[in-house]
Amino acid sequence: MTPIQITRAADDAENTDPKAHRSMSVPVDLQKVRARLEQQGGPQVWRSLEAVAETTEFKDYLHREFPTNASEWLDPVGRRSFMKLMSASMALAGVTACTVQPTELIVPYVRQPEEVIPGKPLFFATAMTLGGVASGVLVESHEGRPTKIEGNPDHPASQGATDLFTQGSVLTLYDPDRSQTITQLGEIRPWSAVIAAVRGGLSAQSGSKGAGLRILTETVNSPTLAAQIQQVLQLQPNAKWIQWEPLPRDNARAGARTAFGEYLEPVYDLSKADVILSLDADFLASEGASNLRYARQFAGRRRVEDSADNLNRLYVVESNHSVTGGRADNRLPLKSSQVEAFARAVAQQAGVAGVTGSAPAGSEPYADAVAKDLMAHRGRAVVMAGDSQPPAVHAIAHALNAAIGAAGATVSYLPTPEVVPTEQHAALRELVTEIEAGRVQMLVIIGESNPVLSAPADFKFAEAMSKVALRIHSGLFADETATLSHWHVPSAHYLEAWGDGRSFDGTVSIVQPLIQPLYGGKSAHELIATLSDRPERNGYDVVREYWTSAKVPGATAAVAVAAATPIAVTPAPASAPATPATTTVAAPPAAPPTAVEAFEKNWRKWLHDGFIAGTAFAPSAPMLAPDVATRITAGAVVDGLEINFRRDETIYDGRFANNGWLQELPKPVTKLTWDNAALIGPSTAEANHLQTGDIVAIQHDGRTLNVPVWITPGHAKDAITLSVGYGRTKAGRVGNGCGFNTYALRGSTAPWFGAATITKTGETYDLVGTQDHWSIEGRNIIRSATLEEFKAKPTFVKEMEHLVLDKRISLYADKEYKGDQWGMAIDMNACTGCSACIIACVAENNIPVVGKAQVKRNREMHWLRIDRYFAGNLDTPDTYYQPMPCQQCENAPCEVVCPVAATVHSDEGLNDMVYNRCVGTRYCSNNCPWKVRRFNFLLFADFNTPQFKLQRNPDVTVRSRGIMEKCTYCVQRINAARIQAKREDRSIRDGEVVTACQAVCPTEAIVFGNINDPNSRVAKLKSSPRNYTTLEDLNTRPRTTYLAAVRNPNPALPSNPMVGGHHAATESHEPAAPGGGH
Amino acid sequence: MSQVFPKSANAWSKASVLAIVFVLLGLGWVVLTIQRSDFVTSANQFVEQPVQFSHQHHAGGVGIDCRYCHTAVEVSASAGIPPTKTCINCHSQIWSTSSYLEPVRASFRDDKPLNWVRVHDLPDFVYFNHSIHVTKGVGCETCHGRVDKMPLMIQKVSLQMEWCLNCHRDPAQFVRPRDQITTMGYQPAMAQAELGPRLVKEYKIAGLEHMTSCSVCHR
């Protein structure tokens, strides 16, 4: 064997190491897992089935700091070749320090814009629309480069928080894979050619008044865009406008229409709800008009500080284990098709006239208890139905809400934020039929709905679309739909274009651009304008013109007077804003200049505030149809195996497939990254002899798809959940080839759930999850109690200490911490595990994406992770989420082992990481009990792509390879606040330093501040009886502490035992492996 | 058989032991000297600029205050390089036809920024903030030297970390009253040994532990 061969062999081992599959390839005996979970002294909380089963592979995995070949060279031959290579590198290593700094240029402005101060970011208010609902944001701009998105605290939907899609959207803006040129059949063309093509297409339609024209958009919540389209429809009366969202909310609409006779959107006030029943509604994360607001309200009712406080109680009935399900006090896994029966049983007990039914077998006590609880809290309870549930369940939920006095108290009814609500499935089906009938000659597709990918498979949309004579597509990416179009026009990202949009309560935000279109993109307004009688208009003029003439309640009166309407707004009757009577202000006739001035004043205020005050809908008090019970058409229960389609938790409906941040984000419950999978419950796995990673062929409605399975504890029996949006072929370099295209399986007859059969193919697939990464090795750092237990003993967390420490005993000299001392408190009772904080941290701190292969080797770089623990039995476990940033220990074990003092303590109690000193020994990571340090094994940061340079936060170093890094408590934000305070000769105010994770959190679970200030929020939380330190017996004195979870399960129902305490092991009592001490 | 080594070899060998020590020390000195030399630090080296702007003329001769151009120095990390507009404020009136200033006029005319070459170039992992230094009484001159005597801007100090720490460890040596920040050729009104500690106290300049914490400059 020559050394060269040896080297290659070692490389191969690194790349195709069979042991890296370990947690996937070895069968987990679920019987054994159940037995272990039930036995006395078994693990209380656990992260994965592999951990509970204690497979030898898991132990081996645990033993290793990093997977095979990453941490050590045990093979002597490998070691020798390693030495040869390294001696050469070492000889040259010192030389790298000799590079002369390259010449840098300073490029000042020619004319510096007002308010721009080099080195100081500006924040602009705008709004992001997703799924037809806008949410207000503030965008941080460094000299014209948007780098980070924060929530708009004044906006009703955001209240200062954002979700993970909004956080990730800034990366999509800079995505180098976005389409960059207008193309006609692949040839680069100018914008004028597009206009000419559109005008040509229209003139061909002039005889038939646009009978062959179809416009397909996403759900439109933009009053301006809707007005523009309606103007086009006035010019072309026979043309049609179709709205298509891959996961449309048709069921919710139909349910509302059954109950009230009109389209109405229920909006919940969870701050008033003592009891919440979610019928498959993931309202905390992915569903509903405003999950950020709901999460804030929900968490507001989960704070208990003393025995007088009360908690709300959340019941969740669902098939998949969702984020919301993880926060349930009592969760009932049920097939989606059985939820209706359950809802009927509850409704019958709660006295909804005419609705009868018996709960599915086994769930009767649950239905009984829920109904009693709902009735016992009349006017303080609420029932929510999920988008995936059939209209019947929505109608029953409306009837239930009326019966328990929720309507008007905890739920109000508003018009939908979309301007013209439609039945989207029906509309798309009609489009396909018309194309097939040859009635469509010109199809204009605008937006990210990507119908070629996302249309129900039985529509055969791609086939039909190819029959249209002129196909024009505009989107951010040259995606599957663009490929089948004649013309493709790059879209402007929402951070690049003018626009507007309504949020869940009707509040309108003007969307203002932060940057010129990077790739010459055109906004939807500009593209629709080409269809109108004024084809060459820019978005700014269009939006301004609309709002110049629009009636805005509360705006300066002159505007209302100047309301000559060039663009008519003809909203559908059902969605007409219930304009308060106060709008018809009897303003004196104003001279035109005054009107212009008044508009300018209003416009500036709207842009500044990020929304137009007074545009919220007034709630209506709809009458429940008296014959609602008879109008509800019962759905069929799926016998046998049921298949469910869901929006993906991280890449939405596939539109974020090319977003590396979101692809790499572990999905909140499963912790799966870079793929989707068929999620099944442990019982289904046992019945079908399946293991995580086994590929099954799923047959549904005559279609077949091969997908690997992932066993999810808590998933309903006999049900499979597939998330959509993966398996893309035209997403871009990041998203192509990730996961499996489940749209191919999804039909129009069962868009959310239906019957399916599965066959084991015998093949396996490498699914990469992070649930076992950064293991705490069996030490239980989760503590919880029921509300009763808490009330009886508010100090329960203290009694769960391993041993009571005399804090004075320490090898280190005691240090007195004076002045500002930073600390963090994380409320596990508020955290929903939504994971927006991780993406916020990634965006703020320039954290690189490493890719699936590297995640498999434990090399993901997220400074903040959310550990998801299950507790209790396999089929209905409790779930705990624990965000885990650097604990910023006062006696930091990482500091004493660093040979080059690259990690040292600051006087403000921060455990500083000094990148320029780090030589990459990784001793610090080895010595960290919480495993929060991240090492750049390779050059993960992209130093070359110019677009990504624009995105980076200029206040944080971009790390190169060989460097250790970790959470800094956002030291750049601390420094900025400190410098500001010192300049003003004052101390830093509480709340002035907000870490990125804290800022984004919808539930305010993370609180940061000065622990030396007894009046700071963080100090108050740390004095809460629920406050505890993880691994306190190590006496490292972490600055990050946790507030224990207090759950409120219904005593009438079985529940899992609470967790915590010194006799509580998680995965294992034994040492992971002999000598495995890290 | 005669001895291989003459008797003097004893002396030579003893001397060479000593010599090795001196050679090693000398080598160390050479390395450190090179490391601190202008060759490595780029101090005192003239850099050609798109326009050979003279601080000597503008700040020294005409007497324009530093902050007329470097407007952000009191509020931002960056002192701010003036936009072309600032040059044109005056040079639309004076020297408005000078061929020397053609690049400036071209920049303004064509809306193309001037590309100045950075003279004071800190490594990218250092986050220096002008505003806090100015607020705490560190004069422009302390770091940038007698700018009013520089026909072309040069870096006067090493900008190495030991140089930063020289002040961060004992700012009393260098601080001056705030109203003297932009003064060139500043002379303390009293002995610096007396004035320095007084100003450190008055301006609430943080103590040694804070000023030498890594995250104050590195993040």
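Trainee: Which residue is the bridge partner of A:Leu279 in E14(A)?
Mentor: That partner is A:Ala385. The model is predicted, so to speak of local features requires pLDDT of at least 70, side-chain atom pairs count only at pLDDT 80 or more, and totals for chains, interfaces and linings use all residues. Residues are numbered from 1 along each chain as its sequence is written, while chains are lettered from A and ligands numbered from 1 in the order in which they are written.

Trainee: How many bridges join E11 to E14(A)?
Mentor: Five, and E11 (residues 275–279) of chain A runs parallel to E14(A). Strands (E, at least two residues) and helices (H or I, at least four) are DSSP runs numbered from the N terminus, and two strands pair if DSSP finds at least two bridges between them.

Trainee: What is the strand order in the open sheet?
Mentor: In chain A, the order is E13-E12-E11-E14, with parallel pairing. E13 (330–333) and E14 (381–385) of chain A are the edge strands, each pairing on one side only.

Trainee: Which helices pack at about 50°?
Mentor: H10 (residues 250–260) and H15 (residues 391–403) of chain A do, with their axes 7 Å apart. Axes are lines fitted to C-alpha atoms, for helices over the stretch in contact, and angles run from 0 to 180 degrees between N-to-C directions.

Trainee: What does that make their arrangement?
Mentor: H10(A) and H15(A) are therefore oblique to each other: angles under 35 degrees count as roughly parallel, over 145 as roughly antiparallel, 65 to 115 as roughly perpendicular and the rest as oblique.
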